[in-house]
Amino acid sequence: MTTAPTLTDAAAQRIAAIAEKQAKPAILRLSVEGGGCSGFQYRFGLADVVDSDDSVSDNAGVKLVVDPVSLDLIAGSTVDFVESLGGAAFRVENPQAAAGCGCGSSFGI
């Protein structure tokens, strides 16, 4: 059984706020694509629906959905929202990533 990625409280709150502003459901789709400086890159976007084969986790009514292909690469990950002097961003803490880039948007296995 593959462990679905989870959302921190900070990430769930930020997604809920973005979804409310855009009048969309609070569903964040996380997927993985080839590319980036380390081989794979994360792709985030609000989703309108949960697909039947998606892996779903929930935090305070906010759903994180991941397709089966991406799930193999990010199982056990945590999605957080961090704010710092350099800006604010979603960050994926992926226990499977063997390498990453400086900006944190791509990774290698």
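Student: Why is serine 55 called buried?

Tutor: Buried means under 20% relative accessible area (exposed is over 50%, partly exposed in between; 1.4 Å probe, protein chains only). Serine 55 comes in at 15%, so it counts as buried. Mind that this is a predicted model, where local features need pLDDT of at least 70 and side-chain atom pairs count only at pLDDT 80 or more, while totals for chains, interfaces and linings use all residues. Residues are numbered from 1 along each chain as its sequence is written, and side-chain values use heavy atoms, with hydrogens and water left out.

Student: What makes a residue a contact of serine 55?

Tutor: Contact means heavy atoms within 4.5 Å. Leaving aside residues up to four places away in sequence, serine 55 touches Ala4, Leu64, Val65, Val66 and Leu71.

Student: Where does serine 55 sit?

Tutor: In strand E4, residues 55-59. Strands (E, at least two residues) and helices (H or I, at least four) are DSSP runs, numbered from the N terminus.

Student: What makes E6 and E7 a pair?

Tutor: Two strands pair if DSSP finds at least two bridges between them. E6 and E7 are joined by 7 bridges, so they pair by that definition, and they run antiparallel. One example is valine 82, whose bridge partner in E7 is alanine 89.

Student: Why are E1 and E7 called edge strands?

Tutor: The open sheet of 3 strands has the order E1-E6-E7, with mixed pairing. Strand E1 (6-7) and strand E7 (87-93) each have a single partner strand, so one side of each lacks a neighbour in the sheet.
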